[in-house]
Amino acid sequence: MRESFNRGFNDTVEGMATDIKDTVHSVEAAAVMRLFPARPQLLALGEPTHGEETLLELRNELFRQLVEQEGYRTIAIESDCMMGLVVDDYVTSGTGTLDEVMERGFSHGWGASAANRELVRWMRAYNDGRPGSERLRFAGFDGPLEITGAASPRQALTSLHGYLASRVDADLLPCTGETLDRLLGAEDRWTNPAAMMEPAQSVGRSAEAGQLRLLADDLVALLDVQMPHLITATSRDDWDRACLYGRTATGLLRYHYWMADTSPARMTRLVGVRDQMMAHNLLAVAARGPALVHAHNSHLQREKSTMRMGGMPLEWWSAGALVSARLGEGYAFVATALGTIRHREVDAPPPDTVEGLLYALPEDRCVVDAPRLSTVLGDMRPAPRVSPWFGYAPLDPAHLADSDGIVFVKDVPES
């Protein structure tokens with residue numbers, strides 16, 4: 001049955017080969033920008049798998065072109081937003097050394113990547129001698145979260161309190177630093193890895209955590225109402241950083257609260273809170289100027305994201321979906337799709353899949369106008385590709401037109 005369908009599919013595709021080729025362009029910033037009616041404030045480039053240097057090198061080259069040709073000044077990646085401040089300090093002002101930054105400025109093991117190191121080195125070299133208004137900026141937009149748990153809110157909460165305590169009347173503060181320290185307690189209460197699978201192990205619904213959520217809310221409110229004074233007393237950048245502390249503290253406390261939940265919706269809540277934190281960070285990045293965003297396709301797509309965890313299907317709105325709803329045409333999403341990752345046993349895609357159609361083209365890499373390709377295919381719907389490796393997520397052909405474009409890489413060599 002599948003073989004017969006493939007023959008019919010291939011015959012139809014051969015008849016529209018020229019139309020399909022007309023949707024394909026070279027991988028360069030100018031070709032990507034032609035996909036959009038206007039320059040997007042956030043240009044999100046997704047990837048279907050993590051850890052492949054080829055994809056990060058492609059991202060780096062695209063970012064360089066966007067900087068030099070299109071006026072982009074920020075790159076935001078799927079890494080801890082608090083750790084990302086270390087990278088931003090280095091690329092903007094040379095604080096620390098490159099080795100220190102790669103060790104302390106990235107989460108998820110991204111600091112070991114040669115491509116990430118080259119990105120940071122290039123950004124620092126680009127900024128050297130330039131005025132502040134022209135300097136490139138770096139942002140991590142993930143929360144301080146790992147798949148096995150979440151960080152303590154201590155760093156974000158005490159940093160926010162410290163910023164306010166040195167600049168507003170003490171009577172306006174909802175508590176002292178000593179009170180925060182007492183309520184936070186030992187760090188291992190928050191970082192206990194057993195809490196991810198055992199809600200009873202979480203500190204998130206303790207009396208102290210409840211008090212901290214109220215205090216964090218009051219501190220964020222104080223930061224907001226004192227904005228005119230604070231920006232004058234320090235700078236917009238310092239106030240923006242304090243806002244990041246506030247978003248992170250409240251997001252982490254919310255995440256820990258749901259880690260202690262015992263309802264069937266627990267994991268759905270957790271993945272939703274994570275992407276909500278991502279979305280808030282991306283909106284803050286967008287307010288600063290046009291930026292390239294790089295993360296997994298599932299965090300940047302406009303349709304609902306899905307996964308299975310512990311045998312349970314999860315469905316939630318991604319950061320990209322949330323930001324797209326806010327920014328409209330100010331948000332653009334270009335998915336990356338792959339032909340082969342042979343060192344992961346991902347071989348040539350079946351010809352009746354989107355990846356198979358693109359794999360048959362002569363180009364090793366190309367940019368595809370996804371809505372136009374969807375129109376060319378019409379009622380002929382490609383089959384979904386099935387990956388033999390859990391770490392690679394193929395395109396969903398049902399949502400082909402929901403992305404603004406596709407970057408297709410035919411073969412990904414082992415790094």
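Q: Does Trp-122 count as buried or exposed, and at what relative accessibility?
A: Buried: this is a predicted model, and Trp-122 has 13% relative accessibility there.

Q: What about Tyr-126, buried or exposed?
A: Tyr-126 comes out at 15% relative accessibility, so it counts as buried.

Q: Where do Trp-122 and Tyr-126 lie?
A: Both lie in helix 7, four residues apart, or about one turn of the helix.

Q: Which residues join them in a ring cluster?
A: Phe-63 does; ring pairs link Phe-63, Trp-122 and Tyr-126.

Q: How many aromatic pairs are there?
A: Five aromatic pairs. One of them is Phe-106 with Phe-138, which is edge-to-face, with 5.6 Å centre to centre and 70° between the planes.

Q: Which parts does the pair of Phe-106 and Phe-138 tie together?
A: Phe-106 sits in the loop between helix 6 (98-104) and helix 7 (114-127) and Phe-138 in strand 4 (residues 137-142), so the pair ties together parts 32 residues apart in sequence. Phe-106 and Phe-138 are both buried.

Q: Switching to helices: at what angle do helix 8 and helix 11 pack?
A: About 40°, with the axes of helix 8 (residues 154-165) and helix 11 (residues 207-225) 10 Å apart. That makes helix 8 oblique to helix 11.

Q: And is the crossing left-handed or right-handed?
A: Left-handed, as helix 8 passes helix 11.

Q: Which residues meet there?
A: From helix 8, they include Leu-157, His-161 and Tyr-163; in helix 11, Leu-212, Ala-216 and Val-220 are among them. By class, that contact has ten nonpolar residues, one polar and no charged ones.

Note on methods. Residues are numbered from 1 along each chain as its sequence is written. This is a predicted model: local features need pLDDT of at least 70, side-chain atom pairs count only at pLDDT 80 or more; totals for chains, interfaces and linings use all residues. Side-chain values use heavy atoms; hydrogens and water are left out. Axes are lines fitted to C-alpha atoms, for helices over the stretch in contact, and angles run from 0 to 180 degrees between N-to-C directions. Helices (H or I, at least four residues) and strands (E, at least two) are DSSP runs, numbered from the N terminus. Angles under 35 degrees count as roughly parallel, over 145 as roughly antiparallel, 65 to 115 as roughly perpendicular and the rest as oblique. A crossing is left-handed if the near helix is turned anticlockwise from the far one by less than a right angle, and right-handed if clockwise. Contact means heavy atoms within 4.5 Å. Ala, Val, Leu, Ile, Met, Phe, Trp, Tyr, Cys and Pro count as nonpolar, Asp, Glu, Lys and Arg as charged, and the others, Gly among them, as polar. Rings of Phe, Tyr and Trp (its six-membered ring) pair if their centres lie within 6.5 Å; planes under 30 degrees apart count as stacked, over 60 as edge-to-face and the rest as tilted. Buried means under 20% relative accessible area, exposed over 50%, partly exposed in between (1.4 Å probe, protein chains only).
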